[in-house]
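Please read them with the model open beside you.

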Amino acid sequence: MMLASERHQLILSLVREHGAIRLTELVDRLGVTAVTVRRDVTELADRGLLTRVHGGVTLTRPRGGHPEPGRAVSAFGPAAHGALVGMVAPSVEYYWPTVVQGAQSAVAATGGRLVLRASSYDAAEDRRQITKLLERGVQTLLVAPATRGRGALDLLRWLGSLSVPVVLVERLPPPELPTLALDAATTAHALGAGLAVRHLVSLGHRGVGLVTSRSSPHSPAVRTGWRETIASLGLDAGAALDLDVPAYGSRGWAEEYDTLLDRCRRAGVRALLVHADREAIGLIERARDGGVAVPGELAVVSYDDEVAAASDPPLTAVCPQKHRLGAVAAELALARLADTTERPVHRLQLWPTLVVRESCGSTPESRLA
């Protein structure tokens, strides 16, 4: 079975060859379902690589002319074709695999190749992995570097001095480097937290607590959004518990989660935003073992939506658009690589969405009732 990136490349090749092609023919050529083909061409059309017409797809043609042979066009301008793109991600186990897949899909659609290296939230390791990619001959870089701690500022300054284009992914330069001229693609995590709080308020909750994992680099932005939304809605400040827990499954986690639940009970907090899925699942597990019903006595919204749907009950979750984020970051890098003019710095921010399931006592159907 072909990977999505391979299907995308074949679709683009067929469209370039014929100028236009019907969806039914793509179904036959690819040997997949019509649903899969529609999803593939929608992703390609969203990136500006082709145009959907009734019953089929055609090449995207810029105003006033035709696309250059072998040159894809995105919302950010012409994209470099056949580029070797390096990427350094801080993890290949949680959150980041979908981001990487999005970047790989966008690079493959232009005939290029993505080369991935994993780091470990450490500036020295980031620099070592980036140096290896530069030695490998990559033409542009997608990087999620350390922005705090020892060596982070020097690492960012070094990234800004490189001769190849660099796009930050889910990272922005810290206040100490306000004019660092690097493109960036990020998620509006603070806004996502606000979506969760507003959903819980719409269900009648006046106090919403926050639970964050000590291992998450996105927690500060989630906390900011939670705090600002509580203030803007005039919610009960006494019920706005800000709780920090160890990662689910780490040493002593169960006892700390039990303590957290007891604290919520004593404070009268019956709604929680939990970052991230594994901690939310662990919290539901401990609540059930302690006789607390979810959602009957405690409503829970998770942040990340990696495995939230598999929880019991399924978790309502804030879902960052991880695949699209990776694709946008790659498109920014390829557009900058192709653009020989003076190009302004681009900072793109994607909004997450809220996926309503059962953990708050509300289903998608009941919300529409």
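1. The largest pocket is lined by 24 residues, and Thr147, Arg148, Glu170, Arg171 and Pro217 are the ones nearest its centre; its volume is about 730 Å³. Here a pocket is an open set of points on a 1 Å grid over the protein atoms alone, with protein on both sides within 12 Å along at least five of seven lines, and lining residues have an atom within 4 Å of a point. Grid points are joined across faces, edges and corners, and the volume is the space filled by probe spheres set on the points, the probe being one of 1.4 Å. Among the elements, β10 (183-187), α7 and α8 (219-233) each supply at least two residues of the lining; helices (H or I, at least four residues) and strands (E, at least two) are DSSP runs, numbered from the N terminus.

2. A word on the basis of these notes: this is a predicted model, in which local features need pLDDT of at least 70 and side-chain atom pairs count only at pLDDT 80 or more, whereas totals for chains, interfaces and linings use all residues. Residues are numbered from 1 along each chain as its sequence is written, and side-chain values use heavy atoms, with hydrogens and water left out.

3. The largest nonpolar core has 30 residues, of which Leu114 and Leu142 touch the most other members. Such a core is a set of buried Ala, Val, Leu, Ile, Met, Phe, Trp, Tyr and Cys residues joined through side-chain atoms within 4.5 Å, where buried means under 20% relative accessible area, exposed over 50%, and partly exposed in between, with a 1.4 Å probe and protein chains only. At least two residues of this core come from each of β6 (84-89), α4 (96-108), β9 (166-169) and α11 (322-338), and α11 gives the largest share, nine residues. Apart from this core lies another, of 24 residues, which includes Ala239, Leu243, Val245 and Ala308.

4. Leucine 114, if residues up to four places away in sequence are not counted, touches Val85, Met87, Val100, Ala103, Gln104, Val107 and Leu142, contact meaning heavy atoms within 4.5 Å.

5. In β9, Val166 and Leu168 point one way while Val167 and Val169 point the other way, and all are buried. In a regular strand the side chains alternate between the two faces of the sheet. Strand β8 (residues 140-143) pairs with β9 in the parallel sense over three bridges, and leucine 141 has valine 166 as its bridge partner in β9; two strands count as paired if DSSP finds at least two bridges between them.

6. Which order do the strands of the six-stranded open sheet follow? The order is β12-β11-β13-β14-β15-β17, with mixed pairing. Because β12 (242-245) and β17 (353-355) stand at the edges, each with a single partner strand, one side of each is left without a neighbour in the sheet. From one strand to the next the twist averages 20 degrees. Strands β15 (residues 316-319) and β17 pair in the antiparallel sense over three bridges, and cysteine 319 stands opposite threonine 353 in β17.

7. Two helices lie across strands of that sheet. Helix α7 (residues 189-202) lies across β13 (271-275), β14 (299-303), β15 and β17, at about 165 degrees to β14, whereas helix α9 (residues 253-267) lies across β11 (209-213), β12 and β13, at about 170 degrees to β12. Axes are lines fitted to C-alpha atoms, for helices over the stretch in contact, and angles run from 0 to 180 degrees between N-to-C directions.

8. Is tryptophan 226 buried or exposed? Tryptophan 226, which belongs to helix α8, is buried, at 4% relative accessibility. Leaving aside neighbours within four places in sequence, tryptophan 226 is in contact with Ala193, Val197, Val208, Gly209, Leu210, Ala240, Leu241 and Asp242.

9. Aspartate 305, in the loop between β14 and β15, is likewise buried, with a relative accessible area of 15%. Residues up to four places away in sequence not being counted, aspartate 305 touches Asp277, Ala317, Val318, Cys319, Lys322, Val355 and Arg357.
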